[in-house]
Amino acid sequence: MIDSLIHLPHAAPGDSARLEAQFTDLAPPLTARQAAIEAARCLYCYDAPCTRICPTEIDVASFIRNIHDQNINGAAVGILKQNILGGACSRVCPTEILCEDACVRNHDAEGQPVKIGLLQRHALDHASFAAHPFQRAASTGKVVAIVGAGPAGLSCAHRLAMLGNDVVIFEAREKSGGLNEYGIAKYKLPGDYAQREVEFLLSIGGIEVRHGRKLGENLTLAELHGQYDAVFLGLGLDASRSLGLTGEDAPGLLAAVDYIATLRQSDDLTRLPVPRRAIVIGAGNTAIDMAVQIKRLGAEDVTLVYRRGFESMTATHHEQDIAKANYVRMKTWAAPLEVLLDEAGRVRGMRFEETRMDNGRLIGTGAFIEIAADAVFKAIGQHMDGSSLSDELASQLQRQGDKIVVDQQFRTVLPGVYAGGDCVAPGQDLTVQAVQHGKLAAHAIHNDIQSKAGTAWPT
Amino acid sequence: MADLSIDFCGIKSPNPFWLASAPPTDKAYNVVRAFEAGWGGVVWKTLGEDPAAVNVSSRYSAHYGKNREVLGFNNIELITDRSLEINLREITQVKKDWPDRAMIVSLMLPCEEALWAEILPKVEATGADGIELNFGCPHGMPERGMGAAVGQVPEYVEMVTRWCKKHSKLPVIVKLTPNITDVRAPARAAMAGGADAVSLINTINSITHLDLDRMVAFPVVGNASTHGGYCGSAVKPIALNMVAEIARDPQTANLPISGIGGIGNWRDAAEFIALGAGSVQVCTAAMLHGFRIVEEMKDGLSRWMDEKGYASIADFTRKAVPNTTDWKYLDMNYQVIAQIDQDKCIKCGKCYVACEDTSHQSIAQLIDAATGVRTYEVIKQECVGCNLCEITCPVESCITMVPQETGKPYMNWTQDSRNPRRVA
C-alpha cells in the first residue's frame with residue numbers, strides 16, 4: 001500500500017523498543033484516585049449539556065456518579081447501552097468540541113471541564129463482566145445484511161442482534177473495526193484495542209462477519225437485496241481525495257490514510273519507510289495524526305501545510321496542540337501548486353502559492369514558496385469510491401455529492417436499504433456519530449421488518 | 001490587633017482555643033507540641049482510677065465526603081491508658097513550664113464519693129487550673145457505669161458535681177453528653193450541683209460505615225465492631241444548637257460554656273462564641289491536620305474581630321443568642337424570594353430539578369429554540385423562599401434570597417389569625 005515510499009530508508013533499524021514507546025497511549029489513563037477526584041468534580045447537572053451534545057446521548061452525569069459510587073460495572077453499562085464502542089470513543093472522540101466543551105465547569109468561574117473522556121475510559125477499562133452485559137431478545141427469525149464492519153456497521157449489528165435479529169456483515173478488509181483498526185493514530189488506540197472491542201461487541205452472538213467481500217467487486221447490492229430481510233450500508237469513505245496536480249503518482253507522494261493503515265498493521269515499526277523531511281497537506285485530524293506519527297517515527301522535519309488560516313482548520317485546538325508538542329511545523333495560507341521531482345522522478349519537495357482572503361474568497365497572492373521534502377502525505381479528505389455503488393441496484397441510490405442520501409430513519413430511497421456513518425449526508429465524519437447512526441438505523445430496520453413481517457421484498 | 005485572651009470562669013488563657021480531652025492531650029510530649037504551636041490551653045485526656053484502661057486495635061473510623069475529606073470522625077478509645085501517677089507528674093511539669101496556658105484536667109471515676117475525694121487533691125497539687133468532669137464518653141465507659149451513663153441521669157450529674165465542689169477549690173467544668181433528649185436538663189443539674197461551667201458536646205453514638213464484604217462495621221476489631229463516639233465537622237450543627245439551648249435557657253443563661261463539636265476554623269469558633277461559648281475546644285481538626293491549624297484560627301479570628309470592631313472575645317460573646325428564638329416567635333410576615341444572577345449561572349439545572357421534583361415548582365426552565373441553551377428563572381409568585389435552590393446551586397452567591405417589602409409589621413404565630421390557639 002505504501003510502495004510509493006519503498007526508496008526511503010527504514011525507521012531506526014534495531015531500535016524497536018524505543019519506537020514502540022512512541023506509540024503507546026498519548027493520554028495515559030486515570031488512576032483510581034484521579035478518577036475519584038475527577039468524578040467528584042461532576043456537578044450531576046440536570047438535563048446535562050454534556051449528554052445533550054453527545055451524539056450517542058450517553059447519560060454522562062449518571063455514569064460519572066456511578067464511578068464515584070464505585071459502581072464501575074453500572075457506569076460501563078450506562079455508557080455501552082448508548083454506545084457499544086464507548087471504549088474507542090472515549091479515546092478518539094474530540095471531547096474538546098463535544099461533552100467537555102459543553103461541561104458547565106467550562107464556565108469562566110469554574111475553570112476547567114470534568115475530564116469526561118478519561119472517566120468514560122476509566123469505567124470501560126475497569127468494568128468486568130462474567131458474560132456479555134446485554135441479552136438478546138427472542139429471535140425474530142429475520143436476517144439483516146450489513147456492508148462494512150466499521151463503527152456504523154458494528155453498532156448497527158450489535159443493536160439488531162440485541163433486538164433478536166441475526167446479522168451477516170460483509171467486510172472488504174481482513175479485520176473488522178474500520179477506521180478504529182486502520183485509520184486512527186496508533187497512539188490514540190494503541191495495541192490491539194480495536195480488535196478486543198470488536199470481540200467484545202460480537203460476543204453478544206448472532207453476528208457473522210465475512211471478510212474479503214467488497215461491494216462492487218465480489219458483492220452486489222442486488223444479491224444482498226435478494227437474500228436478506230434488510231441491508232445496511234456502512235461503507236465509510238474509502239478513497240482519498242487527490243490534489244489534482246501533475247506528479248501526483250510520483251514515488252514519495254501518497255495518501256496519509258494508506259500510510260497510517262500500514263503503520264497500524266505493522267508488527268515491526270523499524271521496517272517502515274520514513275522520510276527525513278515530510279510535508280503533510282491538510283487541516284483535519286487525519287493530517288495531524290499523520291504529521292505527528294511520522295515525526296514520532298523519526299522524521300526530522302515535518303511541515304503541515306494548509307491553504308487557509310488556523311481558525312479554519314477542522315483539527316481541533318487539542319489536536320493542533322498535539323502537533324505543536326511534537327514539533328510539527330504548521331504553515332498556513334499556502335496552496336499546493338506543484339510537486340517537485342528529482343532527476344529520478346521522485347518527490348523532492350513542493351511548491352506552494354501563498355494565499356489570502358479577498359472579499360470572502362481565497363485567492364493566490366502571487367508569492368511562492370518551496371518546501372523540500374522526501375515525502376508528501378495527502379490528508380485533504382476522503383470520498384466514496386464510486387465503484388462500490390456501481391451495480392444496477394446500487395446505482396439507483398440517491399446521492400448528494402458522493403454521499404448517500406437517507407431520511408431521518410436512515411432509509412435510502414431503495415426500500416429495505418439503509419445507510420449510515422461517514423457514507424451518508426449530512427455527517428460530521430466522527431466515530432461517535434457513526435455509532436449513533438448504526439444504532440438508530442438498527443431500530444428503524446427492526447421496526448420496519450417487524451411491521452412488514454410476512455410480506456415480500458418491497459420494490 | 002484584637003485581644004484574644006479570655007478569663008473562663010476564672011481560668012485564664014491567652015486565646016480561646018483549647019485542645020479537647022482526647023488523644024492529642026494524652027501526654028506531655030503532645031501537649032508541649034501543642035503549646036509550642038500556640039494553643040491557649042488543653043483539657044488533659046481523662047484520668048481515672050488505676051489500673052489504667054486498656055484499648056483495642058483498631059480504634060477510629062470516618063465518614064467521608066465526595067473528595068475523601070473527613071466529614072465525621074468516630075472513635076472507640078477509652079480514657080487514658082497510662083497510670084495516674086505518670087499523668088499527674090507530667091501535668092505538673094507542663095503546667096510549670098507553660099504557666100500562661102490553661103491546664104484543665106479531665107476526670108472520670110465511678111459514682112463513689114470516696115474515690116473523688118481521693119483523686120481531687122492530687123489533681124489540685126499539679127497546679128492545674130481546673131477540672132472537667134467527663135460525663136459524656138458514649139462508648140466503653142458507660143458499660144462500666146461511667147461517662148455518658150452518668151451524664152444521662154441529671155441526678156447523678158448534680159451529685160458528682162457537688163462532691164467535686166466539696167473536695168476541690170478548682171473551677172469545675174461539667175462536660176455534657178449529646179446522647180440525651182433535652183440537654184438543658186443535665187446543664188441545669190450541673191448548675192444545681194455548683195458547676196462553674198459546662199462544656200459540650202461530647203461525642204455522639206455512631207457507626208460510620210460497614211465493610212459490606214465482611215458484614216462488619218468500622219472500626220473493625222477482629223470480626224466485630226461496636227458503636228463509637230462521633231465528632232468532627234458533621235456534628236457542628238448539633239453542637240451549636242445544644243450550646244444555644246443552654247445559653248438561652250433562663251435557668252442557665254449565666255452559666256459559662258466551653259463549646260465543643262466540629263470546630264475546624266476561626267469561623268466555627270466565632271459561631272460558637274456568638275451563640276454562648278466563652279472558650280472553644282478542638283480535637284478532630286487537630287487530629288486530621290496537626291496542631292499548626294491554631295495559627296490560622298487565631299489569625300482569622302483576630303482579623304475578623306478587627307474588621308468588626310470587637311476589641312475582645314467578650315465583645316461578641318452571646319451576641320447571636322437574642323436572635324435565636326422559638327419558632328412561634330418568628331415573623332410570619334417576613335418574605336424572601338430567590339433571585340438568580342444570570343451572569344453567574346453556569347446552567348447546571350440543579351436548582352430547577354430540585355425545586356421541580358421536591359419543592360414548589362417555582363423555577364422555570366427556558367429553552368432557546370435556536371441554540372438549545374437553557375436559562376432558569378424564578379417564578380416569583382410561586383416561590384415560598386425555602387432556600388433549597390440557593391443551597392443546591394454550586395456557584396456561591398449566584399442565587400440569593402431577596403427580602404421582599406411586604407409593608408406588613410412583625411407578627412408571630414402567637415398573634416397570627418390563622419393560629420386557632422393564638423393568644424390574642
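Start at B:Gln361, in the loop of chain B between helix 11 (350-358) and strand 18 (363-367). Helices (H or I, at least four residues) and strands (E, at least two) are DSSP runs, numbered from the N terminus. The model is predicted: local features need pLDDT of at least 70, side-chain atom pairs count only at pLDDT 80 or more, and totals for chains, interfaces and linings use all residues. Residues are numbered from 1 along each chain as its sequence is written, while chains are lettered from A and ligands numbered from 1 in the order in which they are written.

Stay on B:Gln361 and check its backbone. Phi is positive, about 50 degrees, although the residue is not a glycine. B:Gln361 counts as partly exposed because it has 13 C-beta neighbours inside 10 Å. The cut-offs: buried means 20 or more other C-beta atoms within 10 Å of the residue's own, exposed means 12 or fewer, and partly exposed is in between; C-beta atoms are placed from the backbone.

Switch to chain A and select A:Gln70. This residue is in the loop between helix 4 (60-68) and helix 5 (72-80). A:Gln70 has 11 C-beta neighbours inside 10 Å, so it counts as exposed.

Return to chain B for the peptide bonds. Select B:Asp50 and B:Pro51: the bond from one to the other is cis, with omega near -5 degrees. B:Pro51 sits in the loop between strand 4 (41-47) and strand 5 (60-64).

Last stop: B:Leu200 and B:Ile201. A cis peptide bond joins them, with omega about 10 degrees. B:Ile201 belongs to the loop between strand 10 (197-200) and strand 11 (204-206) of chain B.
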